[in-house]
Amino acid sequence: MKPLVSIITVVFNDKNIIKTIESIIPFLNDKVEAVIVDGNSTDGTRELIQKYADRIKILSETDKGIYDAINKGVSLASGTYILHINSGDYLLDIPIETLLKWQNNSDVVALSFPVLMNGKDVFYPSWNWRMRFTLHHQGTFYRRNIDFYDISYRVFADADLNKKLYKSKSIVKIYTMPCVANHLWNGISTVTNNRKEWYQVIMKHYGWFYLLIHFGYRLIEILLRKENKM
């Protein structure tokens with residue numbers, strides 16, 4: 001019997017993954033499996049995760065970046081849905097009954113749930129035309145059989161996937177509870193230098209007009225923040 005959910009975690013030289021693994025293990029059963037893809041860590045991480053090889057699928061080999069590693073994890077997975085939990089993040093809940101409800105409806109390509117950010121703020125998913133982040137990686141259960149990540153993107157391949165699904169009018173179910181994971185908001189997507197790639201994603205899917213709208217939203221948000229601080 002194949003599992004319902006495959007949890008994929010990619011890692012390279014990060015021993016904090018042990019805390020992530022320990023948060024995942026209580027959820028492992030006949031419906032939930034875990035896959036770890038390690039990029040041939042050299043700091044002892046590879047040896048640490050091997051201690052869990054009896055309960056988790058593990059692959060250790062070099063890769064071409066985060067999304068190449070994730071794609072490898074998808075290839076190893078056997079669940080109906082894929083959930084991404086980053087090294088250092090914590091799994092909080094898996095809405096099994098809700099996932100089972102849509103399991104046999106292939107028109108629904110993903111189900112997205114809230115994510116706790118740094119243990120305090122809650123990110124709520126949305127599914128609309130706006131270019132900002134609408135589905136959180138750590139809160140979204142994607143069907144395993146969709147076309148996953150374009151590894152030409154180093155940082156925003158997940159955003160590229162979401163925009164592609166939206167443009168194809170794919171059905172994504174949005175929920176306001178439960179919080180699926182606690183995500184540490186300190187990843188490479190938050191670095192200002194990586195915004196160029198984000199703009200490339202917008203241009204690819206929407207063109208110059210929507211890129212200008214995006215800049216407009218950004219300017220309004222900056223002005224509102226300044227006004228609130230006064």
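Student: Which residues in α5 are buried?

Tutor: Happy to go through it, keeping in mind that this is a predicted model. In α5, the buried residues are Ala 157, Asp 158, Ala 159, Asp 160, Leu 161, Asn 162, Lys 163 and Leu 165. That makes 8 of the 11 residues in the helix, which spans 157-167, so α5 is mostly covered. Just after α5, Lys 169 takes a positive phi of about 60 degrees.

The largest one has 29 residues, and Val 5, Ile 94 and Phe 141 have the most contacts inside it. Two or more residues of this core come from each of β1 (5-11), α1 (17-24), β2 (32-38), β4 (81-84), α4 (96-102) and β6 (108-112). Leaving aside residues up to four places away in sequence, Phe 141 touches Val 5 and Ile 94, and its other contacts include Tyr 81, Ile 82, Leu 83, Leu 99, Val 109, Leu 111 and Val 180. Apart from this core lies another, of 23 residues, with Ile 8, Val 10, Ala 77 and Ala 110 among them.

There is also an open sheet of 4 strands, with mixed pairing, in the order β5-β11-β7-β8. β5 (90-91) and β8 (121-123) stand at its edges with a single partner strand each, so one side of each has no neighbour in the sheet.

Notes
Residues numbered from 1 in each chain as written. Predicted model: local features only at pLDDT ≥ 70, side-chain atom pairs only at ≥ 80, totals over all residues. Heavy atoms only, no water. Core = buried A, V, L, I, M, F, W, Y, C linked by side-chain atoms within 4.5 Å. Buried < 20%, exposed > 50% of the residue type's maximum accessible area, 1.4 Å probe, protein only. Contact = heavy atoms within 4.5 Å. Pairing = 2+ DSSP bridges.
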